[in-house]
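Subject: Structure for your files

Dear colleague,

Here is the structure, handed over with notes on what was found in it. Please read the notes with the model open.

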Amino acid sequence: MRKTTLSVAAVATMALLASCSGGTEPEPAASEPAAASSAPAASGSLVVWVDENRQPAVEAAAEDFTAETGVEVETVVKNFEDIRADFLAQVPTGEGPDITIGAHDWLGSLIVNGVVDTIDLGGRESEFEDVAIEAMTYDGQLYGLPYALESVALVRNTELAPEPAPATFDEMVAAAGETDAKLPFVINTAGADGDAYTYYAFQTSFGAPVFVQNEDGSYTTEIGMGGDEGYAYADWLAEQGQAGEGVLSTDWTYDIANQEFSDGNAPYTVAGPWAISTFTDAGVDVAVDPIPSAGGETAAPFVGVQGFYLSAQSENKLVATQFLTNYITTDEAMQALYDADPRLPAFSTTAEAVASDPIVAGFLASAQQGTPMPSIPEMGDVWDHWNAAEASIISGQAKPKAAWDKMLADLDTTLNG
């Protein structure tokens, strides 16, 4: 992973950052490697928080960085579940790291609490999947270096349904009807609690996103689920639910849905890559396709993004940025991160390489038509009302328009007081 062009890249990165942060004229870009000798030497040390699984991959990149620059990098292993709370608590006291690994939907709370800084990729944004850059963008500014994606997709039992899934939900159900399977389709509904996350691609296919997005993909706090599009999705849930066609059911939890699919009782399900081993261990051969449209528009599932955040209180931001942009942003480091924790790479060349596996390629295709999970703090307030509305409609306990209107009113009260 040792980079022979490090000096030139380092000069360019640090000159750009110096011009942005200090207001001074940048040094002319180095045109010959020898010119790099006049560049300011990296110094100091860095602390990076990372979980146990990904620590070896980050450590390998850190060793190369130290060998090239002399800057020591300490990787501190933490439970992933604890990192956000610890970062929020310790950065303001000066006890936090320079860099932490984290999920993109933490971003709203990190910004509100002033603990994260923007990052400049030096024009390399196009080397990442678009949805990953969108996810790490907030109010038009990029926070964090994305490195991995995850999303649900349509998983198909290839023995029951050997052909690629149809483009629409109705066609998929019709194709399932030509098999001997007990059910045409199964999906986690989380029982009577509802699961708006797993259902979200069907909702977006009606043009009813949870929040309205800006042109750059970042989210506003304006609810997007109202209007005719939202009512059309609610009507569809009722039509497909237990008082309608019976294609959807609140009898299904995550485990029950997976068991039905594993038993060969349904040719199609919506699931994430984390469920694939459950199916294959049960002897089911699977293929992965994008989720079919129910409402006529693209079925865009939520996409979660993992990345690296730069602390707002880091005393060595230039060097930390140099480490992220020149040592983590390489095919070698991205592949090592994938090997350590196989989530879809956000770095496009690495994503293309691992997509030689058709299952990975299927999830990548689904993620590429997906949309980032909103990272605004308000996202945490919508789930209970949203899940409950969907479950009540699917079960037939509530009329679709009445349930949807109640959800919108409850959200307005929760979000706007």
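A contact here means heavy atoms within 4.5 Å. Helices (H or I, at least four residues) and strands (E, at least two) are DSSP runs, numbered from the N terminus.

This is a predicted model, in which local features need pLDDT of at least 70 and side-chain atom pairs count only at pLDDT 80 or more, while totals for chains, interfaces and linings use all residues. Residues are numbered from 1 along each chain as its sequence is written, and side-chain values use heavy atoms, with hydrogens and water left out.

Helix packing

Helix α8 (residues 227-240) packs on two helices, α15 and α16. Axes are lines fitted to C-alpha atoms, for helices over the stretch in contact, and angles run from 0 to 180 degrees between N-to-C directions.

With α15 (residues 383-395), the axes come within 7 Å and cross at roughly 40°. The two helices are therefore oblique to each other; angles under 35 degrees count as roughly parallel, over 145 as roughly antiparallel, 65 to 115 as roughly perpendicular and the rest as oblique. On the α8 side the contacts come from Tyr233, Ala234, Leu237 and Ala238, and they meet Glu390, Ile393 and Ile394 in α15.

With α16 (residues 400-416), the angle is about 130° and the axes are 9 Å apart. This pair, α8 and α16, is therefore oblique as well. Here Gly230, Tyr231, Tyr233, Ala234, Asp235 and Ala238 in α8 meet Pro400, Lys401, Trp404 and Asp405 in α16.

What is the handedness of the crossing of α8 and α16? It is right-handed, and α8 also passes α15 in a right-handed crossing. A crossing is left-handed if the near helix is turned anticlockwise from the far one by less than a right angle, and right-handed if clockwise.

A four-stranded sheet

Four strands form an open sheet of mixed pairing, in the order β9-β12-β8-β13. The edges are β9 (186-187) and β13 (286-289), each with a single partner strand, so one side of each has no neighbour in the sheet. Two strands pair if DSSP finds at least two bridges between them. β9 and β12 (residues 268-271) are joined in the parallel sense over two bridges, and Ile187 stands opposite Val270 in β12.

Two positive phi values

Most residues other than glycine have a negative phi. Ala190, in the loop between β9 and α7 (196-204), has a positive phi near 55°. Asp139, in the loop between β5 (137-138) and β6 (141-142), has a positive phi near 50°. Ala190 is partly exposed at 25% relative accessibility, whereas Asp139 is exposed at 61%. Buried means under 20% relative accessible area, exposed over 50%, and partly exposed in between (1.4 Å probe, protein chains only).

A buried threonine

Thr100 lies in strand β3 (residues 99-103) and is buried, with a relative accessible area of 1%. Leaving aside residues up to four places away in sequence, Thr100 touches Trp49, Ile83, Phe87, Gly307, Phe308 and Tyr309.

The whole protein

The protein has 16 helices and 16 strands, and buried residues make up 51% of its 417 residues. Of the contacts between residues at least 6 apart in sequence, 76% join residues at least 24 apart.

Regards
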